[in-house]
Amino acid sequence: MNRVGFFITSILLALALLSSMLFVVDQRQFGVVYALGQIKEVITEPGLNIKMPPPFQNVRYIDKRLLTLDSTDTEPMLTAEKQRVVIDWYVRWRISDPSEYIRNVGLDESAGAMQLNRVVRNAFQEEINRRTVRELLSSKRDALMNDVKREVLETVRGAKPWGVDVVDVRITRVDYAETITESVYRRMEAERKRVANELRSTGAAEGEKIRAEADRQREITIANAYRDAQKVKGEGDAEAARTYAEAFGKDPQFAQFYRSLEAYKASFVKKSDVLVLDPSQTDFFKAYRSGGSSGK
């Protein structure tokens, strides 16, 4: 029984030892084998590998993918005309030489990101000090980003190479510092209000002009219509007078009778009006009793 236990224990120890000696490198990583704190081997190809068991050898993994570093610092920078601006940027970078990276930078990606952030910010500060805000917002922004990338590459490839490669440097936002943003907005608001007031004044003047022209046209139209109406009325009155003259000329007694009738009609304005006449002394009633003929 002791032999069986010893055999099982030996197998378990052998398996544990073998598992500590085997390791897998993912295709997205570098495998760095250390021997007593020194880099023994860097494995760049994915697959199953073997090493000596701890503490003789250990393995660490470093990301070999393209990494993105975003700016986190909101400290304003001064432009050539001493304007305080805040920029947002990002850097695309990767670890190209794990050995140099570990010797000169650190053991993981965060160490490189921290130092790269400082270098990129200093490069941006130096380049922005040479340019105006207008240049930062124009097509010259591409030249700025290329210059920053060049300066960063010169630093990471210097006397002590970092073992990293900077692929791209981009600016995502350029804005005034918060201390002057509000004053800029107030000036913009005042300018917009001034333009709006000018437009309202111009619109009011144009409105008055249009209304005046419309009133003038209305008066002209009414005057022309009144003139035409009076002309037509005059022509009608003339035609009526001519017709009456012809009719009355044929029968003067009827004309006299008709005028009397019209005079009486005009005398009664209200229904309550009363006219007292002597029938024997009125030509109208005399003509009425004689059937429209003269009383002679």
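Setting aside neighbours up to four places away in sequence, Ile-62 is in contact with Arg-28, Gln-29, Phe-30, Val-32, Ile-95, Pro-98, Tyr-101, Ile-102, Leu-107 and Glu-109, contact here meaning heavy atoms within 4.5 Å. This comes from a predicted model, in which local features need pLDDT of at least 70 and side-chain atom pairs count only at pLDDT 80 or more, while totals for chains, interfaces and linings use all residues. Residues are numbered from 1 along each chain as its sequence is written, and side-chain values use heavy atoms, with hydrogens and water left out.

Ile-62 belongs to strand S5; helices (H or I, at least four residues) and strands (E, at least two) are DSSP runs, numbered from the N terminus. With a relative accessible area of 1%, Ile-62 is buried. The cut-offs behind that word are under 20% relative accessible area for buried, over 50% for exposed, and partly exposed in between, using a 1.4 Å probe and protein chains only. One of the contacts of Ile-62 is Pro-98; the two sit 36 residues apart in sequence, yet 7.5 Å apart in space, C-alpha to C-alpha.

Stepping back to the whole chain, the secondary structure comes to eight helices and nine strands. Of the 296 residues, 25% are buried. The chain exposes about 20,600 Å², and carbon and sulfur atoms supply 56% of that; the areas come from the Shrake-Rupley method with a 1.4 Å probe, and for residues only the protein chains shown count as cover. As for contacts between residues at least 6 apart in sequence, 65% join residues at least 24 apart.

Now for a pair of helices. The axes of H3 (residues 109–128) and H5 (residues 141–156) come within 9 Å and cross at roughly 135°. That makes H3 oblique to H5, since angles under 35 degrees count as roughly parallel, over 145 as roughly antiparallel, 65 to 115 as roughly perpendicular and the rest as oblique. Axes are lines fitted to C-alpha atoms, for helices over the stretch in contact, and angles run from 0 to 180 degrees between N-to-C directions. On the H3 side, the contact is made by Leu-116, Val-119, Val-120, Ala-123, Phe-124, Glu-126, Glu-127 and Ile-128; H5 brings Leu-144, Asp-147, Val-148, Arg-150, Glu-151, Val-152, Thr-155 and Val-156. Sorted by type, the residues of this contact are ten nonpolar, one polar and five charged. In that scheme Ala, Val, Leu, Ile, Met, Phe, Trp, Tyr, Cys and Pro are nonpolar, Asp, Glu, Lys and Arg are charged, and the others, Gly among them, are polar.

A few loops have backbone details to look at. Pro-54 and Pro-55 are joined by a cis peptide bond, with omega about 5°, and Pro-55 is in the loop between strand S4 (47–50) and strand S5 (57–63). Further along, Lys-82 has a positive phi of about 65° although it is not a glycine. Lys-82 is placed in the loop between strand S7 (77–78) and strand S8 (84–95), and counts as exposed at 63% relative accessibility.

Glu-81 is found in that loop between S7 and S8 too, but counts as partly exposed, at 34% relative accessibility. Leaving out residues up to four places away in sequence, Glu-81 touches Arg-131, Thr-132 and Val-133.

Finally, Glu-178 lies in helix H6 (residues 178–250) and counts as exposed, at 72% relative accessibility. Its C-alpha atom is separated by 8.6 Å from that of Val-86, 92 residues apart along the chain.
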